[in-house]
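Good morning, and thank you for making time for this presentation. Please keep the sequence and the structure in view while I speak.

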Amino acid sequence: MGGRPKIKIELTFVDKAFEIIGWLAVLAVWILTIVNYSNLPDSIPTHYNAAGEIDGFGSKSTIWLLPAVATVLFIIMTILNRFPHIFNYPTTITEKNALKQYTNATRRIRYLKFIIVVVLGLLVFKTIGNANGQSEGLGAWFSYVILGAMLIPVFLFVINSSRR
(Lines give C-alpha, C1' and ligand atoms only; values in the text may rest on other atoms or scores of the structure.)
Protein backbone atom coordinates (compact mmCIF):
# COMPACT_ATOMS: atom_id res chain seq x y z
CA MET A 1 0.00 0.00 0.00
CA GLY A 2 2.85 2.38 0.74
CA GLY A 3 4.17 2.07 -2.82
CA ARG A 4 0.89 2.95 -4.49
CA PRO A 5 0.88 6.09 -6.59
CA LYS A 6 -0.88 9.11 -5.14
CA ILE A 7 -2.70 10.83 -7.96
CA LYS A 8 -5.36 13.52 -8.13
CA ILE A 9 -8.50 12.30 -9.80
CA GLU A 10 -10.34 14.86 -11.88
CA LEU A 11 -14.07 14.65 -11.28
CA THR A 12 -16.29 14.16 -14.31
CA PHE A 13 -19.70 15.77 -14.70
CA VAL A 14 -21.32 12.59 -13.33
CA ASP A 15 -18.99 12.58 -10.30
CA LYS A 16 -19.76 16.24 -9.55
CA ALA A 17 -23.48 15.62 -10.03
CA PHE A 18 -23.39 12.71 -7.57
CA GLU A 19 -21.62 14.90 -5.01
CA ILE A 20 -24.17 17.70 -5.38
CA ILE A 21 -27.15 15.32 -5.34
CA GLY A 22 -25.67 13.61 -2.28
CA TRP A 23 -25.38 16.87 -0.36
CA LEU A 24 -28.91 17.81 -1.44
CA ALA A 25 -30.13 14.44 -0.14
CA VAL A 26 -28.45 15.11 3.23
CA LEU A 27 -30.15 18.51 3.35
CA ALA A 28 -33.51 16.94 2.40
CA VAL A 29 -33.27 14.41 5.26
CA TRP A 30 -32.67 17.26 7.72
CA ILE A 31 -35.54 19.33 6.30
CA LEU A 32 -37.89 16.33 6.43
CA THR A 33 -37.00 15.78 10.08
CA ILE A 34 -37.21 19.44 11.09
CA VAL A 35 -40.55 20.02 9.35
CA ASN A 36 -42.20 16.95 10.89
CA TYR A 37 -40.65 16.88 14.35
CA SER A 38 -43.25 19.01 16.14
CA ASN A 39 -46.10 16.81 14.83
CA LEU A 40 -44.59 13.57 16.12
CA PRO A 41 -46.10 11.85 19.16
CA ASP A 42 -43.92 11.49 22.27
CA SER A 43 -43.19 7.81 21.42
CA ILE A 44 -42.09 6.79 17.94
CA PRO A 45 -40.82 3.58 16.31
CA THR A 46 -37.08 3.25 16.82
CA HIS A 47 -36.39 -0.24 15.51
CA TYR A 48 -37.67 -2.54 12.81
CA ASN A 49 -37.04 -6.27 12.44
CA ALA A 50 -35.90 -7.97 9.21
CA ALA A 51 -39.54 -8.34 8.11
CA GLY A 52 -39.97 -4.56 8.38
CA GLU A 53 -42.20 -4.77 11.45
CA ILE A 54 -41.87 -2.31 14.29
CA ASP A 55 -40.27 -3.98 17.31
CA GLY A 56 -39.03 -1.05 19.37
CA PHE A 57 -40.26 2.36 20.50
CA GLY A 58 -38.55 5.35 22.05
CA SER A 59 -38.66 9.08 22.55
CA LYS A 60 -39.42 11.24 19.54
CA SER A 61 -36.02 12.90 20.00
CA THR A 62 -34.40 9.69 18.70
CA ILE A 63 -35.52 10.71 15.18
CA TRP A 64 -32.55 13.14 15.17
CA LEU A 65 -30.13 10.20 15.15
CA LEU A 66 -31.02 9.25 11.57
CA PRO A 67 -30.11 12.57 9.88
CA ALA A 68 -27.09 12.89 12.20
CA VAL A 69 -25.79 9.44 11.23
CA ALA A 70 -26.49 10.17 7.55
CA THR A 71 -24.52 13.41 7.76
CA VAL A 72 -21.57 11.96 9.68
CA LEU A 73 -21.26 8.94 7.37
CA PHE A 74 -21.54 11.14 4.28
CA ILE A 75 -18.81 13.49 5.52
CA ILE A 76 -16.48 10.66 6.59
CA MET A 77 -16.90 8.88 3.25
CA THR A 78 -16.36 12.19 1.39
CA ILE A 79 -13.07 12.73 3.24
CA LEU A 80 -12.02 9.10 2.79
CA ASN A 81 -12.70 9.35 -0.93
CA ARG A 82 -9.82 11.82 -1.24
CA PHE A 83 -7.36 9.02 -0.46
CA PRO A 84 -8.08 6.18 -2.91
CA HIS A 85 -4.50 4.93 -2.60
CA ILE A 86 -5.34 3.57 0.88
CA PHE A 87 -8.37 1.53 -0.25
CA ASN A 88 -8.31 -2.25 -0.56
CA TYR A 89 -8.33 -3.50 -4.15
CA PRO A 90 -8.76 -7.01 -5.56
CA THR A 91 -5.78 -6.41 -7.83
CA THR A 92 -2.28 -4.97 -7.55
CA ILE A 93 -2.20 -1.21 -8.10
CA THR A 94 0.48 0.00 -10.49
CA GLU A 95 1.29 3.31 -12.17
CA LYS A 96 -0.42 1.93 -15.28
CA ASN A 97 -3.76 0.94 -13.71
CA ALA A 98 -3.96 3.37 -10.77
CA LEU A 99 -6.09 6.04 -12.45
CA LYS A 100 -8.72 3.56 -13.63
CA GLN A 101 -8.77 1.66 -10.32
CA TYR A 102 -8.97 4.82 -8.23
CA THR A 103 -11.68 6.32 -10.46
CA ASN A 104 -13.73 3.13 -10.23
CA ALA A 105 -13.31 2.96 -6.44
CA THR A 106 -14.16 6.62 -5.78
CA ARG A 107 -17.27 6.39 -7.95
CA ARG A 108 -18.47 3.39 -5.97
CA ILE A 109 -17.88 5.25 -2.70
CA ARG A 110 -19.86 8.22 -4.08
CA TYR A 111 -22.71 5.90 -5.01
CA LEU A 112 -22.65 4.09 -1.65
CA LYS A 113 -22.66 7.27 0.41
CA PHE A 114 -25.62 8.54 -1.62
CA ILE A 115 -27.48 5.25 -1.09
CA ILE A 116 -26.78 5.38 2.65
CA VAL A 117 -28.30 8.85 2.86
CA VAL A 118 -31.32 7.76 0.78
CA VAL A 119 -31.86 4.69 2.97
CA LEU A 120 -31.64 6.71 6.19
CA GLY A 121 -33.93 9.32 4.62
CA LEU A 122 -36.46 6.59 3.80
CA LEU A 123 -36.22 5.40 7.40
CA VAL A 124 -37.00 8.93 8.60
CA PHE A 125 -39.92 9.15 6.17
CA LYS A 126 -41.33 5.74 7.15
CA THR A 127 -40.78 6.38 10.86
CA ILE A 128 -42.71 9.66 10.63
CA GLY A 129 -45.51 7.89 8.76
CA ASN A 130 -45.60 5.02 11.24
CA ALA A 131 -45.53 7.37 14.24
CA ASN A 132 -48.46 9.33 12.83
CA GLY A 133 -50.47 6.19 12.05
CA GLN A 134 -50.25 6.65 8.27
CA SER A 135 -48.55 3.30 7.69
CA GLU A 136 -47.42 0.19 9.55
CA GLY A 137 -43.82 -0.95 9.48
CA LEU A 138 -41.41 -0.71 6.59
CA GLY A 139 -42.71 -3.55 4.46
CA ALA A 140 -40.92 -6.82 3.79
CA TRP A 141 -39.44 -5.41 0.58
CA PHE A 142 -37.40 -2.75 2.43
CA SER A 143 -34.61 -5.05 3.61
CA TYR A 144 -34.18 -6.63 0.17
CA VAL A 145 -34.08 -3.30 -1.64
CA ILE A 146 -31.48 -1.94 0.79
CA LEU A 147 -29.28 -5.03 0.51
CA GLY A 148 -29.52 -4.96 -3.27
CA ALA A 149 -28.82 -1.23 -3.52
CA MET A 150 -25.69 -1.62 -1.39
CA LEU A 151 -24.32 -5.03 -2.42
CA ILE A 152 -24.83 -4.96 -6.19
CA PRO A 153 -22.47 -1.96 -6.64
CA VAL A 154 -19.86 -3.64 -4.45
CA PHE A 155 -19.96 -6.78 -6.60
CA LEU A 156 -19.79 -4.64 -9.76
CA PHE A 157 -16.78 -2.82 -8.32
CA VAL A 158 -14.97 -6.08 -7.69
CA ILE A 159 -15.77 -7.32 -11.20
CA ASN A 160 -14.72 -4.01 -12.81
CA SER A 161 -11.51 -3.90 -10.76
CA SER A 162 -10.61 -7.45 -11.71
CA ARG A 163 -11.12 -6.74 -15.42
CA ARG A 164 -8.96 -3.63 -15.45
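I begin with a definition: a salt bridge is a side-chain nitrogen of Lys or Arg within 4 Å of a carboxyl oxygen of Asp or Glu. By this rule the count comes to four salt bridges. Before the details, please note that this is a predicted model, in which local features need pLDDT of at least 70 and side-chain atom pairs count only at pLDDT 80 or more, while totals for chains, interfaces and linings use all residues. Residues are numbered from 1 along each chain as its sequence is written, and side-chain values use heavy atoms, with hydrogens and water left out.

Let me take the salt bridges in turn. Arg107 forms one with Asp15, and the closest N and O atoms are 3.0 Å apart. This pair links distant parts of the chain, with Arg107 in helix α3 and Asp15 in helix α1, 92 residues apart. Helices here are DSSP runs (H or I, at least four residues), numbered from the N terminus.

Are these two partners buried or exposed? Buried means under 20% relative accessible area, exposed means over 50%, and partly exposed lies in between, with a 1.4 Å probe and protein chains only. Asp15 counts as buried because its relative accessibility is 3%, whereas Arg107, at 34%, counts as partly exposed.

Asp15 also touches Glu10, Arg107 and Arg110, not counting residues up to four places away in sequence; contact means heavy atoms within 4.5 Å. Asp15 and Tyr111 are 96 residues apart in sequence, and their C-alpha atoms are 9.3 Å apart in space.

Next comes Glu19. Arg110 forms a salt bridge with Glu19, with the closest N and O atoms 2.9 Å apart. Here too the pair links distant parts of the chain, Arg110 in helix α3 and Glu19 in helix α1, 91 residues apart. Glu19 forms a salt bridge with Lys113 as well, again with 2.9 Å between the closest N and O atoms. Glu19 lies in helix α1 and Lys113 in helix α3, so this pair ties together parts that are 94 residues apart in sequence. Salt bridges that share partners join Asp15, Glu19, Arg107, Arg110 and Lys113 into one network. As for burial, Glu19 is buried at 13% relative accessible area, Arg110 is buried at 7%, and Lys113 is buried at 2%.

I turn now to helix α2. Its 16 residues should span 22 Å at 1.5 Å a residue, and its end C-alpha atoms are 22 Å apart, which agrees; the expected span is 1.5 Å times one less than the number of residues.

Which residues of α2 are buried? They are Pro67, Ala70, Thr71, Phe74, Met77 and Thr78. Seen down the axis of α2, these buried residues fall within an arc of 140 degrees, so they line one face of the helix. The arc is that of the directions from the helix axis to the C-beta atoms. In general, an α-helix has 3.6 residues a turn, so residues three or four places apart point the same way. The buried residues of α2 pack against α1 and α3.

Finally, the loop between α2 and α3 holds Phe83. Phe83 counts as partly exposed because its relative accessibility is 38%.

Terms used
Helices (H or I, at least four residues) and strands (E, at least two) are DSSP runs, numbered from the N terminus.
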